[in-house]
Amino acid sequence: EGFVLVETPVPTRLKTRNDVALNYDWSSDMREVTYVIQKYTLNTAADLFGYLDTETGEMSVEGTGTGLDKQLYSVLSTTEERAALKSLVFNTDTIENIGYEWCLNSHYDYDTERTEKYFPNLTGSLVLPSNLKIIGNYAFRGNPGFTSNLVIPDGVTTIGDYAFYGCNYLNGNLVIPDSVTTIGGSAFSGC
């Protein structure tokens, strides 16, 4: 007598911010666990991380570090991981430097004599971190899937050589603040 059984809906997907997300199948006696969010270290100081949701393709960049210095095509080392990446979201305001080739998206394969994309499904808007100061050489080269406006945050002083080269589907405005003192060669060629 004092107990009432209440049925509550059970979530079909539970996500966590560590290396794994759980997908429970409550209809059977067995619990099915699948990895949905993968965690990647994005810099040598190991204080910036990318959380790639393999279901949606969104990578959330988080942490306390100031520089992204590991090339994303090296961090996402398999074709499957690279194909899963569809969008980048910077969820930290500590990043000041996006380094050399950080999100370079194309390379020339001398064996096949073709240019190939590292991230064939990376699309959408590119919203840069608000405290950014340096965009390195080749930082976002060859990302034709970026669309809409490209707004360089106030405070950026340097845009490196070929930084946005080949981002040819940017179809909005390019906004460069007065804080920029150096724009490298071919930084916006092919845009």
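The legends below accompany several close-up views of one predicted model.

In this predicted model, local features need pLDDT of at least 70 and side-chain atom pairs count only at pLDDT 80 or more, whereas totals for chains, interfaces and linings use all residues. Residues are numbered from 1 along each chain as its sequence is written, and side-chain values use heavy atoms, with hydrogens and water left out.

**View 1. The largest nonpolar core has 41 residues.** A nonpolar core is a set of buried Ala, Val, Leu, Ile, Met, Phe, Trp, Tyr and Cys residues joined through side-chain atoms within 4.5 Å, where buried means under 20% relative accessible area, exposed over 50% and partly exposed in between, with a 1.4 Å probe and protein chains only. The residues with the most contacts inside this core are Leu72, Trp102, Ile135, Phe140 and Phe164. Two or more residues come from each of the elements β2 (48-53), β3 (58-63), α1 (72-75) and β5 (87-90), and α1 gives the most, with 3 residues. Helices (H or I, at least four residues) and strands (E, at least two) are DSSP runs, numbered from the N terminus. In general, nonpolar side chains tend to be buried together in soluble globular proteins.

**View 2. Phe164 and the residues around it.** Contact means heavy atoms within 4.5 Å. When neighbours within four places in sequence are left aside, the contacts of Phe164 include Leu126, Leu128, Ile135, Phe140, Leu150 and Ile152, and also among them are Ile159, Ala187, Phe188, Ser189 and Cys191.

**View 3. An open sheet of 5 strands with parallel pairing.** The strand order is β4-β6-β9-β11-β13, and two strands pair if DSSP finds at least two bridges between them. Because β4 (67-68) and β13 (182-183) stand at the edges with a single partner strand each, one side of each is left without a neighbour in the sheet. Strand β11 (residues 158-159) runs parallel to β13 and is joined to it by 2 bridges, and Ile159 stands opposite Ile183 in β13.

**View 4. Aromatic rings, with 10 aromatic pairs found in the whole structure.** Rings of Phe, Tyr and Trp (its six-membered ring) pair if their centres lie within 6.5 Å, and planes under 30 degrees apart count as stacked, over 60 as edge-to-face and the rest as tilted. The rings of Phe140 and Phe146 have their centres 6.2 Å apart and their planes at 70°, so this pair is edge-to-face; Phe140 is buried at a relative accessible area of 0%, and Phe146 is buried at 2%. The Tyr162 and Tyr165 rings, with centres 5.4 Å apart and planes at 70°, also form an edge-to-face pair, but Tyr162 is partly exposed at 28% and Tyr165 is partly exposed at 33%. One aromatic cluster is formed by Phe90, Trp102, Phe140, Phe146, Phe164 and Phe188.

**View 5. Asp53 in strand β2.** Asp53 is buried, with a relative accessible area of 9%, and a polar atom of its side chain lies 3.3 Å from the backbone nitrogen of Thr56. Val36 is 17 residues from Asp53 in sequence, while the two are 5.7 Å apart in space, C-alpha to C-alpha.

**View 6. Gly124 in the loop between β8 (114-117) and β9 (134-135).** Gly124 is partly exposed, at 22% relative accessibility. With neighbours within four places in sequence left aside, Gly124 is in contact with Gly145, Phe146 and Thr147. Gly124 and Ser148 are 24 residues apart in sequence and 7.5 Å apart in space, C-alpha to C-alpha.

Methods. Polar contact = N/O pair within 3.5 Å; in protein donor to acceptor, adjacent residues only side chain to side chain.
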